[in-house]
Amino acid sequence: MTHRQILEALSGLLLVLFVAMISGTIVSVALPQIIGALDGNQSQYTWVVTASLLASTASTPIWGKLADLFNKKLLLQISIVIFMVSSLACGFAQNTGQLIAFRAVQGLGMGALQILAQVIIAAMISPKERGRYNGYLGAVMAVATVGGPLLGGLIADTSWLGWRWCFFIAVPFTIAAFALLAKTLHLPTVRRANVSIDYWGATLIAAGVSILLIWVTFVGNDFDWLSWQTAALAGGGVVLLALATWVESVVREPVVPLHVIRRRTPALAILASLAVGMAMFGGSVFLGQYFQIGRGFSPTEAGLLTIPMMAGVLLSSTISGRMVSNTGRTKPYILVGLVVLLAGFGGLATIDHETSLVLLSVYMLAVGIGVGMSMQNLVLVIQNTVPLSEIGAASGAVTFFRSLGGTVGVSVLGAVLANRVATSISEGLAKAGIPTGGDAAAAGGSLNIAALPDPIKEIVRSAYGDATGHIFLVSTAIAAVGLVAAAFLKPARLRDSLDLPAPPAKEEAVTGA
């Protein structure tokens, strides 16, 4: 394809990615208001995010495998329709249960849009040249992450719109993306005989992860760490994941190709991606809540305050993408990015409800720079090690584990936050001489802060503001693991060809024959 043809096709793909990204960032800032309006609690707050991430995570490898087997353009159009219909359903939700269910369906579309866009780009552009176009991807994703919170806050604060339009707003974008792709994207149809889709593996992985996340959500509150419920849920989740691993090792075409992730480079890149997933999702979800509940800012103000992190993603992804294309190397930029990410998380681990906004901006900028320099480059590392026929499965694998990191991260951090907040509120109520049982306890657990009496409102704000630092302390430890993994990556140059060159032994055999 010529540069012009690539840009034409890329325009529709960029709009698709913009739709998928903005659906999460718009909701992140408005979520405290949404859960408050629907009378939800902290666990439901977390599951509104986790449901979409989990569905996206579980379906990503399937979409990646389907892209290796069927028409990529048709799959992309199907995923756009799924996403659009589920977005409308989310906007009409009447309670948190419905919203969580519709968000799970929306996650199916989000996972498809993100992985299929990467797979289609990989099928059009060589790895070395891809760094140049990844700059455009990073820029669009950054615009979505910067503009999303601002737009979400503005919508939530506008009385004649309301929070439901945070979901409805995705519809015109999806319609435009569908029309643009129908006109500009032209790929050869791939049809393979004896198609095999590993539904059992995907189902077992989703079930195992879901059970473990449910256990993390309720342990310590509804039942003890050492109890039969813990044994049933944690043990059951581990057994299901072990069974999924066995299934992946025996099926003909697994959703998570073990032969790919067993190799040193993909395994290390995937481990590092878990840390990036935690940063990408955990940062946007809980910082929005921190600014609104812990500091008392409006949704629009909270969106403005998260700009440093999004600006860091925008600048670092664009600049590092260009530099990767020029040098053909990825490891130096990944390492620098993860060091900066670690420093940013370390700073956020020290915040409370009175931390200077200037310091907060510096910490968020560092997190954004770290995410921007490492996220797409880790995908490139894996794509560079596999042949064109496995691009979909390999891209699906790294995206799967990155999303899994975000899903587990949001769930675990949400559980840590909920436990810490509950303890702090109880201590604050007791210190203020307010009874800790009955209506006072229920009020303290509510996210509808505006409806609380002033004394309880201040106690709740302080509890959320002080507890947020503790969840980023956990993130710091995980980012350190990602940095160690990236340090052991083998330095390698990105290839110029779309496919891997033929092995020398085979070439000699052919010549001899």
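In the predicted model, Phe92, Trp165 and Phe168 come together as one aromatic cluster. Across the structure, the number of aromatic pairs is seven. One of these is formed by Phe291 and Phe297, whose ring centres lie 6.4 Å apart with 70° between the planes, an edge-to-face arrangement. The two partners of this pair fall into separate accessibility classes. Phe291 has a relative accessibility of 1% and is therefore classed as buried, whereas Phe297, at 24%, is partly exposed. The edge-to-face label follows from the angle, because planes over 60 degrees apart are assigned to that class.

The secondary structure of the protein chain consists of 19 helices and zero strands. The chain has 513 residues, of which 57% are counted as buried. Its accessible surface amounts to about 20000 Å², and carbon and sulfur atoms contribute 68% of that area. When contacts with a sequence separation of 6 or more are considered, 85% of them join residues 24 or more positions apart.

Several individual positions illustrate such contacts between separate parts of the sequence. Ser475 belongs to helix α18, which covers residues 454-487. With a relative accessible area of 1%, Ser475 is buried, because the limit for that class is under 20%. Beyond its neighbours within four places in sequence, Ser475 makes contact with Met278, Phe345 and Leu413.

Leu342 is placed in helix α14, residues 331-348. A relative accessible area of 23% makes Leu342 partly exposed. Once residues up to four places away in sequence are set aside, Leu342 touches Thr476, Ala479, Ala480 and Leu483. The C-alpha atoms of Leu342 and Ala477 are 8.3 Å apart, although 135 residues separate the two in sequence.

Phe488 is located in the loop between α18 and α19, the latter helix comprising residues 504-512. With residues up to four places away in sequence excluded, the contacts of Phe488 are Arg264, Leu268 and Lys331. For Arg264, the C-alpha separation from Phe488 is 8.9 Å, across 224 residues of the chain.

Ala422 is part of helix α16, which runs over residues 391-431. At 38% relative accessibility, Ala422 is assigned to the partly exposed class. Ala422 and Ala463 stand 41 residues apart along the chain, and their C-alpha atoms are separated by 8.1 Å.

Phe178 is contributed by helix α7, residues 170-184. The relative accessibility of Phe178 is 31%, so this residue is partly exposed.

Cys90 is buried, its relative accessible area being 0%. Cys166 likewise counts as buried, with a value of 3%.

Key:
Residues numbered from 1 in each chain as written. Predicted model: local features only at pLDDT ≥ 70, side-chain atom pairs only at ≥ 80, totals over all residues. Heavy atoms only, no water. Helix = DSSP H or I, 4+ residues; strand = E, 2+ residues; numbered from the N terminus. Buried < 20%, exposed > 50% of the residue type's maximum accessible area, 1.4 Å probe, protein only. Phe/Tyr/Trp six-rings, centres within 6.5 Å; stacked < 30°, edge-to-face > 60°. Contact = heavy atoms within 4.5 Å. Areas by Shrake-Rupley, 256 points an atom, 1.4 Å probe, with all protein chains shown as cover.
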